[in-house]
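Here are some notes for your first look at this structure. Keep the 3D view open while you read, and take the points in any order you like.

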Amino acid sequence: MSKANQWSSRLGFVLASAGAAIGLGAIWKFPYVTGTSGGGAFFLLFVLFTLFIGLPLLLAEFIIGRHTGKEAISAYKAIAPNTAWVWIGRVGVISCLVLLSFYSVVGGWIILYTIMSLSGLLTGKEYGALFNTVIAEPYLVIGAQALFLIINVYVVSRGVQKGIERTNKYMMPLLFICFLIIVVRSLTLDGAMEGIEFFLKPDFSAITGTSVLYALGQSFFSLCVGLSCMVTYSSYLGKDISLTKSAGSISVLNLVVSLLAGLAIFPAVFALGMEPTEGPGLLFVVLPQVFEQVPFGPVFLALFLLLFLFATLTSSFSLLEIIVAALTKEKQEKRPKSAVLAGVIVFLVGLPSALSFGVLKHITVFGRNIFDTADFFVSNLMLPIGSLLIAIFITWKMKKEHVFEEFKTGSPKSERLFSTWFILVKYILPFIIIVVLFNLASAY
């Protein structure tokens with residue numbers, strides 16, 4: 001593999017992987033799923049699932065990818081040739097395609113809001129009604145979705161170092177700083193304490209079997225595990241970098257940003273007399289109202305939306321990259337054409353989701369519109385199933401000495417943790433995931 005298609009440093013890898021994880025998972029999806037799934041109790045479950053299920057599985061994907069140095073499909077084929085295990089990678093690529101198809105719709109919404117903010121069209125509006133109007137306009141949402149994917153295609157076509165890594169090094173720190181400003185203002189609003197209690201004080205009576213499933217799915221979604229996306233990302237990693245430290249850093253960053261997202265949104269929700277169960281539009285309805293309470297609010301709102309767009313792109317880069325990597329098969333001269341082809345396919349698959357709040361809103365599956373169905377399919381079915389198969393593969397099919405070698409490389413002190421991690425991934429995590437999936441099946 002050429003050095004141009006490798007991460008230049010551990011920091012570059014961590015920021016890119018954290019960008020893949022943080023993006024919409026922590027900033028857009030986490031607040032509204034928390035709001036509809038029990039508040040503080042859901043957040044506690046999410047933290048536990050992230051640390052004890054998501055983090056070990058993230059490390060598992062890193063080990064598979066770095067050991068083979070190949071993208072998702074080829075990685076499983078290299079370890080277990082001529083077997084059905086290769087379908088873990090294939091299903092991961094398909095799931096990435098479906099995920100990016102509705103993810104790009106939200107990316108389009110953010111582009112529209114960024115443009116409206118920069119042009120001054122977001123001030124003094126009825127934000128709930130505005131959001132519903134915007135997402136129901138077919139030409140607007142389709143055009144914005146296409147623009148979002150064009151940006152993705154351009155960056156991913158440039159490769160790992162010049163495209164993805166270079167972009168993330170600037171985007172992520174700026175977003176973090178801007179987020180802190182919003183949190184401070186949200187926490188100082190009158191009535192903010194009620195929101196803090198909702199978010200941080202667990203009420204286990206609000207937890208249902210569905211909430212547990214959603215917390216598990218959110219931990220996978222926010223860390224981008226279960227799709228073999230991180231198999232592809234880690235295949236670009238040098239052999240001297242610690243996988244355990246990298247996985248730990250990414251998980252902690254993800255939890256910190258999720259915490260900040262909750263502290264930015266829920267105090268403002270309650271201070272402004274809104275409902276935390278607003279759904280996918282929560283962020284687009286609450287944040288403009290928060291910025292109305294801040295000096296130079298329109299400027300800060302425009303800056304945040306711009307950085308939020310960047311964070312969304314860092315996540316979508318990773319999803320498009322796994323599709324492009326599967327198409328190029330390490331033949332980098334094919335990357336530009338593969339990126340365009342992948343972008344077109346994702347756009348076409350995402351059209352029904354883009355239109356599901358407008359001309360196709362009457363079409364539902366099990367009570368969900370097309371957008372929510374695609375989200376549920378990936379987040380609560382494919383991610384847990386993919387994670388289950390990865391856990392089984394790395395502990396039952398991959399040679400244990402190879403797993404151990406990758407685990408300890410770059411961090412000799414981590415050797416003592418290997419046995420605990422291996423038992424956790426081999427026996428405990430599959431059991432937990434199967435129980436959660438069984439409860440989902442019994443609910444239907």
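1. A word on terms before anything else: helices here are DSSP runs of H or I with at least four residues, strands are runs of E with at least two, and both are numbered from the N terminus. On that basis the chain has 17 helices and two strands. Please bear in mind that this is a predicted model.

2. Now the overall picture. Of the 444 residues in the chain, 59% are buried. The chain exposes about 17,200 Å², and carbon and sulfur atoms supply 68% of that area. As for how the chain meets itself, take the contacts between residues at least 6 apart in sequence: 83% of them join residues at least 24 apart.

3. How many salt bridges does a search of the whole structure find? The count is three. I'd begin with Glu 406 and Arg 66, whose closest N and O atoms are 2.4 Å apart. Glu 406 sits in helix 16 and Arg 66 in helix 2, so this pair ties together parts that are 340 residues apart in sequence. Are the two partners buried or exposed? Both Glu 406 and Arg 66 are buried.

4. Next comes the salt bridge between Arg 335 and Glu 321, with 2.9 Å between the closest N and O atoms. This pair links distant parts of the chain, 14 residues apart: Arg 335 belongs to helix 14 (residues 335–354) and Glu 321 to helix 13 (residues 297–328). Arg 335 has a relative accessible area of 3%, so it counts as buried. Glu 321 is at 0% relative accessibility and is therefore buried as well.

5. The remaining pair to look at is Lys 408 with Glu 405, where the closest N and O atoms are 3.6 Å apart. Here both residues lie in helix 16, three residues apart, or about one turn of the helix. Glu 405 counts as partly exposed because its relative accessibility is 40%.

6. While you're at helix 16 (residues 400–408), have a look at how it is packed. Val 403, Glu 406 and Phe 407 are buried in this helix. Which part of the helix do the buried residues line? Viewed down the axis of helix 16, they fall within an arc of 105 degrees, so they line one face of the helix. Just after helix 16 you'll come to Gly 410, which takes a positive phi of about 85 degrees.

7. Helix 2 (residues 40–68) deserves a visit of its own, and Leu 48 is one of its residues. With a relative accessible area of 39%, Leu 48 is partly exposed.

8. Is Thr 50 buried or exposed? Thr 50 counts as buried, because its relative accessibility is 0%. Setting aside residues up to four places away in sequence, Thr 50 touches Leu 55, Ser 219, Leu 223, Asn 254 and Leu 255.

9. Then the cysteines. A disulfide is a covalent bond between the sulfur atoms of two cysteines. A search of the whole structure finds zero disulfides. Cys 224 is in no disulfide, and the nearest cysteine sulfur, which belongs to Cys 229, is 3.8 Å away. For Cys 229, likewise in no disulfide, the nearest cysteine sulfur is that of Cys 224 at 3.8 Å. The cut-off for a disulfide is sulfur atoms within 2.5 Å. Cys 224 is buried, with a relative accessible area of 4%, and Cys 229 counts as buried at 0% relative accessibility.

10. Finally, a look at Ala 78, in helix 3 (residues 72–79). Its relative accessibility is 41%, so Ala 78 counts as partly exposed. Which residues is Ala 78 in contact with, leaving aside its neighbours within four places in sequence? They are Thr 68 and Lys 70. Ala 78 and His 67 are 11 residues apart in sequence, and their C-alpha atoms are 9.9 Å apart in space.

Conventions: Residues are numbered from 1 along each chain as its sequence is written. This is a predicted model: local features need pLDDT of at least 70, side-chain atom pairs count only at pLDDT 80 or more; totals for chains, interfaces and linings use all residues. Side-chain values use heavy atoms; hydrogens and water are left out. Buried means under 20% relative accessible area, exposed over 50%, partly exposed in between (1.4 Å probe, protein chains only). Contact means heavy atoms within 4.5 Å. The arc is that of the directions from the helix axis to the C-beta atoms. A salt bridge is a side-chain nitrogen of Lys or Arg within 4 Å of a carboxyl oxygen of Asp or Glu. Accessible areas come from the Shrake-Rupley method with a 1.4 Å probe; for residues, only the protein chains shown count as cover.
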